[in-house]
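These are my notebook entries on a structure that I had not looked at before. I wrote down what I looked up, in the order in which I went through it.

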Amino acid sequence: MPKAISHTIKRRGKKPGDADVEIPIAEDLATVPGIPAREKDVAYYSRVYPLEAQFIEKSADREWEQAIWNDELTEFHKNHHERNRALVDAAESSGDLGPTGKAEPGRDLTDEIRTKALELGADDIGFTKLDRKYVYASKKRWVKYQHAVCLVVEQNYEQTQQIAGIEAEHAHFGAYEEIGALSLELVDFIRGLGYRGQVHSPSDESVVYIPMFVNAGLGQLGANGQLLSPYFGSRCRLAIVTTDALVTYDKPVDYGIHKFCQECQVCVRRCPAQALVKDKVWWRGVHKNKIIYDRCRPVMARFEGCGVCMKVCPIQRYGMKAVMEHYVVTGEVLGKGTDDLERFTLSGQSFGVGELPELDSETFEFPHGPKDELLFRQFKERLDKEGIPPADQLQQFATAVKRILDKGQTTRYDQVEPTSDLE
Ligand code: SF4
Ligand code: SF4
């Protein structure tokens, strides 16, 4: 017997000209719009334990990752950086540019910005406040404007189904190049309307994106740690443009995902690293499935970006409308337990339902934390084992730390050079 329906979400069609879509949400999946949160706790954690960019906090594993890539992946990333560098440079300074047109005070630009973004190739767009609680500590002073225009670009469907592998990486980084370019064009458009804008490039970490996208009603957080868009599931890449133009905020939506993930659990079971957890916890003031970074990171690095949790998600594979309709009619998760959904490839080997690669403990060994702290830890271990080293080794250690300090901290994806310091 079909389930009772709590509410039906109405959204425009996926592409311009497509008919509107209606997504029924079963009564037993209804919770709250967006994500359950305790705002006081979110504020407390942001104040006492401010967030910092992964590229800074985990700089040791970034360098290590590049050192273990095969030639094909190294070449792929080199080419991506060459294509992307000018876009990231332009994004970094975009907020300093003044308007080129004349502003009309009091004019709400939401519709014009939305129409322009879709024309430029965005696949979805929403508006919300830029919540400074989610801005990384190193970028607090860089961020200029208070309104967030949240942009979504779908990555290629066919290539995404090839996960894990270089084909899927083309889809992943190709979408970053696309969204980086269109974000800059959108800022030019906003400047032409008499206002300013700043591009928060996905290749230069400035803010945790997903809370803003959830607030703008563009999806909800999945158990795989990704935004599940009603159109593409997690098969999408995100960027934010902030602006001082007058816009109207969208509202968060209850797509039923918060509870649906607890019914589904496909990504949790299929993750080759067992990095995803079944139960939700309260983490920094929100109720979510918390990913185990130390298990995911080495597997992503060693297996071409992994991404199995994206590939096996039914919302990604079949779309939210089909999945939610199927759940209302059958009470079941579309595709769960079938090879059509759950089969994936890792390192050229295919794994069907119930099969997972056997990963030994060495797979999970990798350098932790910021790279200068790692050097100090290694130095202390040597002191402990071998006593005080000779002067030339002390000099070597000091030189290695100084080189890291001189290079400074970067939030940019294209600014990591593999070094021999961490061997
Ligand atoms: S990227 Fe791979 S290892 Fe990481 S959570 Fe997803 S499936 Fe697991
Ligand atoms: S695979 Fe299932 S549990 Fe995981 S994010 Fe997708 S819907 Fe949620």
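**Entry 1: the shell around ligand 2.** I began here and found that the residues of this shell divide into 10 nonpolar, 3 polar and no charged, where Ala, Val, Leu, Ile, Met, Phe, Trp, Tyr, Cys and Pro count as nonpolar, Asp, Glu, Lys and Arg as charged, and the others, Gly among them, as polar. The model is a predicted one, in which local features need pLDDT of at least 70 and side-chain atom pairs count only at pLDDT 80 or more, while totals for chains, interfaces and linings use all residues. Residues are numbered from 1 along each chain as its sequence is written, and chains are lettered from A and ligands numbered from 1 in the order in which they are written.

I noted 13 residues around ligand 2, and Gly222, Cys261, Cys264, Cys267 and Cys313 come nearest; a residue is near a molecule if its C-beta atom, placed from the backbone, lies within 6 Å of it. Helix 9 (257–264), helix 10 (266–270) and helix 13 (314–318) each supply at least two residues of this shell, with the largest share, 3 residues, coming from helix 9. Helices here are DSSP runs (H or I, at least four residues), as are strands (E, at least two), and they are numbered from the N terminus.

**Entry 2: the shell around ligand 1.** I then turned to ligand 1, which 13 residues surround, the closest being Cys271, Cys296, Cys306, Val308 and Cys309. Helix 11 (293–302) and helix 12 (308–311) are the elements that give two or more residues to this shell, and helix 11 gives the most, with 3 residues. The shell around ligand 1 divides into 12 nonpolar residues, 1 polar and no charged.

**Entry 3: helix 11 and its partner.** I looked up which residues of helix 11 are buried, and they are Cys296, Arg297, Pro298, Val299 and Ala301; buried means 20 or more other C-beta atoms within 10 Å of a residue's own, exposed 12 or fewer, and partly exposed in between, with C-beta atoms placed from the backbone. These buried residues pack against helix 3 (59–68), and contact is counted when two C-beta atoms, placed from the backbone, lie within 7 Å. In helix 3, Ser59, Ala60, Asp61, Arg62, Trp64 and Glu65 are buried, and the buried residues of helix 3 pack against helix 2 (54–57), helix 11 and helix 16 (371–386).

**Entry 4: the nonpolar core.** I found that the largest nonpolar core has 94 residues, and that Val149, Cys150, Leu151, Phe213, Ile240 and Cys267 have the most contacts inside it. Helix 7 (residues 166–192) gives the most to this core, with 12 residues. The core is a set of buried Ala, Val, Leu, Ile, Met, Phe, Trp, Tyr and Cys residues joined through C-beta atoms within 7 Å. I also listed what Cys150 touches, leaving out residues up to four places away in sequence, and found Ile125, Gly126, Thr128, Met212, Phe213, Ala216, Leu218 and Ile240.

**Entry 5: helix 4 beside helix 7.** How do the axes of these two helices cross? The axes of helix 4 and helix 7 come within 9 Å and cross at roughly 10°, the axes being lines fitted to C-alpha atoms over the stretch in contact, with angles running from 0 to 180 degrees between N-to-C directions. Helix 4 and helix 7 are therefore roughly parallel to each other, a label for angles under 35 degrees, with over 145 being roughly antiparallel, 65 to 115 roughly perpendicular and the rest oblique. The residues of this contact divide into 11 nonpolar, 4 polar and 4 charged.

I picked out Glu72, found in helix 4 (residues 71–93), which counts as exposed because it has 11 C-beta neighbours inside 10 Å. The C-alpha atoms of Glu72 and Ile166 are separated by 8.3 Å, although the two residues are 94 residues apart along the chain.

**Entry 6: backbone exceptions.** Most residues other than glycine have a negative phi, and most peptide bonds are trans. I noted that a cis peptide bond joins Ile163 and Ala164, with omega about -5°, and that Ala164 lies in the loop between helix 6 (157–160) and helix 7. Ser347 has a positive phi of about 55° although it is not a glycine, and Ser347 is exposed because 11 other C-beta atoms lie within 10 Å.
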